[in-house]
Amino acid sequence: MYERDTIAAISTALGEGAIGIVRMSGGDALVMANQLFKGVNLLTQPSHTIHYGHIVDPESKQIIDEVMVTLLRAPKTYTREDVVEINCHGGIMAVQAILDLCLQMGARLAEPGEFTKRAFLNGRIDLSQAEAVMDLIEAKTNKAMQASMNQLQGSLSKKIRSLRQTMLNTLAQIEVTIDYPEYDDVEEMSLQQLKTTAQAISQEVQHILKQAQSGRLFREGINTVIVGRPNVGKSSLLNRLTGWDKAIVTDIEGTTRDTIEEMVNVRGVPLKLIDTAGIRQTEEVVEKIGVERSRKALEEADLVILILNQAEDLQEVDLELLKASQGKKRIILLNKQDLPSQLDRNALAESSGTATIIETSMLEEAGLDALEDEISNLFFKGQLQSTDINYLLNSRHTQLLKQALAALDEVQSAVAMELPVDLIQIDYTRAWDLLGEITGDSVQDELLNELFSQFCLGK
Ligand code: GDP
Ligand code: ZN
């Protein structure tokens with residue numbers, strides 16, 4: 001890791017325009033923030049904690065704003081450096097004043113894209129992910145944002161890396177041939193292998209290009225299924241989530257009339273919410289159908305939100321649902337916290353595994369922040385991913401993929417013309433390099449600088 005100075009900038013969280021954030025990154029970020037912060041001593045606090053207090057001008061002793069300071073120690077941060085985020089409430093004036101104080105403490109104003117550039121340089125993200133961040137910032141529509149999100153998860157990078165690994169194996173084989181040119185049959189084998197690999201890779205690249213095209217048109221969110229017995233609060237949750245959210249993307253018609261699906265945006269994470277309820281709770285038979293239907297929905301779920309009514313003890317159906325959702329990423333809500341508790345926590349612990357349990361009251365709108373936090377955590381930690389893998393390619397990616405395709409074509413026709421292996425190898429290596437430029441595994445400095453200068457300030 002490089003030694004770098006501490007940078008600061010105003011950075012406003014996605015979709016939270018009202019709250020300003022001043023973000024600092026670098027070796028002195030904590031010390032600088034601590035000089036401005038009145039509350040706890042930040043230097044002695046553990047990483048990944050949030051602290052309430054005030055920002056005070058150390059010279060005039062004047063209180064600038066009431067703040068929440070997020071403290072993140074290297075290396076588990078966006079930039080892999082120490083990061084402090086000061087969340088201000090007092091509007092743009094306060095944000096600006098706090099940034100000025102950070103600069104007075106010795107921080108340097110970050111260049112556009114510099115946080116992301118550091119993340120890249122410190123190995124936290126690769127180039128295609130960095131570009132995804134840029135696309136994310138610039139995303140005009142939520143659909144495009146979802147695509148960026150997927151890419152942020154590195155699905156494109158993962159694919160490209162595995163292709164390059166395959167190519168590398170063949171290259172290694174060819175090295176052997178070049179070292180021992182006297183073995184004719186080895187050369188013949190290498191030629192065949194080059195041809196086969198070039199063909200296979202070229203098909204994969206075409207596939208990516210094609211998927212990307214359709215991926216641009218439509219993209220799904222994280223399949224999120226809300227399950228629970230009748231009356232536990234499923235619809236209430238759906239309403240709360242969609243009600244808060246000003247950016248409902250689309251109303252998707254349910255595949256059956258008894259399930260409701262809705263696209264919502266939870267802290268920038270696109271969720272396709274499926275309420276398995278829609279069922280009357282009058283007859284026992286219906287409960288059975290409900291469980292069956294839930295089971296089906298569960299199969300396709302990327303994320304399960306299982307709601308229990310903590311004002312009643314666990315029932316047969318609860319246990320069935322707990323069991324049916326076992327292998328899935330899940331969050332368990334203990335709803336109706338406003339009512340006296342009846343649920344046996346020990347019994348629950350036996351069937352809940354590693355699932356996060358959150359106490360909520362839909363009635364009093366309690367616990368919903370914690371739920372949002374958990375969803376966004378799971379997503380950004382990469383534990384949650386849409387099963388519909390799509391790629392969003394920007395024009396640079398498309399260009400590189402097409403160039404790689406051309407180089408692979410050259411390889412195939414050179415093999416057909418029985419040109420010497422070391423000549424063919426040149427085109428082959430070029431294709432390998434071109435693919436590497438997508439992930440930034442092979443990349444020139446100028447390109448880097450140009451890319452990162454396109455970022456918005458504070459990202
Ligand atoms: P669903 O059948 O699982 O979809 O449950 P609903 O969301 O339709 O809620 C069933 C009933 O429970 C409604 O009367 C809700 O107002 C009520 N309810 C939902 N959440 C809470 C809660 O947290 N506390 C209380 N006291 N009532 C709730
Ligand atoms: Zn309902």
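Modeller: Pro75 sits in the loop that runs between strand E5 (63-72) and strand E6 (83-88), and in this predicted model the peptide bond joining Ala74 to Pro75 is cis, with omega at about 5°. Arg80 is also placed in the loop between E5 and E6, and its phi is near 70°, a positive value in a residue other than glycine. Arg80 counts as partly exposed because 18 other C-beta atoms lie within 10 Å, a number that falls between the limit of 12 or fewer for exposed residues and that of 20 or more for buried ones.

In an unreviewed UniProt entry, Arg124 is listed under "binding site" together with Arg23, Glu85 and Lys459.

The UniProt record, again unreviewed, also lists Ser235 and Thr256 under "binding site". Ser235 lies in helix H8 (residues 234-244) and is classed as partly exposed because it has 15 C-beta neighbours inside 10 Å. Ser235 is also among the closest of the 16 residues that surround ligand 1, a group that includes Gly233, Lys234, Ser236 and Met362 as well. Helix H8 supplies the largest share of the shell around ligand 1, namely three residues, and the shell as a whole divides into six nonpolar, seven polar and three charged residues.

Two further loop positions deserve a look. Gly39 is found in the loop between strand E3 (37-38) and strand E4 (49-56), where, neighbours within four places in sequence aside, it is in contact with His51, Tyr52, Gly53 and His54. The C-alpha atoms of Gly39 and His54 are separated by 6.6 Å, although the two residues are 15 apart along the chain, and Gly39 is partly exposed, with 17 other C-beta atoms within 10 Å. Glu418, for its part, lies in the loop between helix H13 (395-416) and helix H14 (421-439), and has a positive phi near 55° in a residue other than glycine. Glu418 is exposed, since 10 other C-beta atoms lie within 10 Å.

Key. Residues numbered from 1 in each chain as written. Chains lettered and ligands numbered in written order. Predicted model: local features only at pLDDT ≥ 70, side-chain atom pairs only at ≥ 80, totals over all residues. UniProt positions renumbered as here; feature names shortened; annotations may be inferred. Helix = DSSP H or I, 4+ residues; strand = E, 2+ residues; numbered from the N terminus. Near = placed C-beta within 6 Å. Nonpolar A, V, L, I, M, F, W, Y, C, P; charged D, E, K, R; others polar. Contact = placed C-beta atoms within 7 Å.
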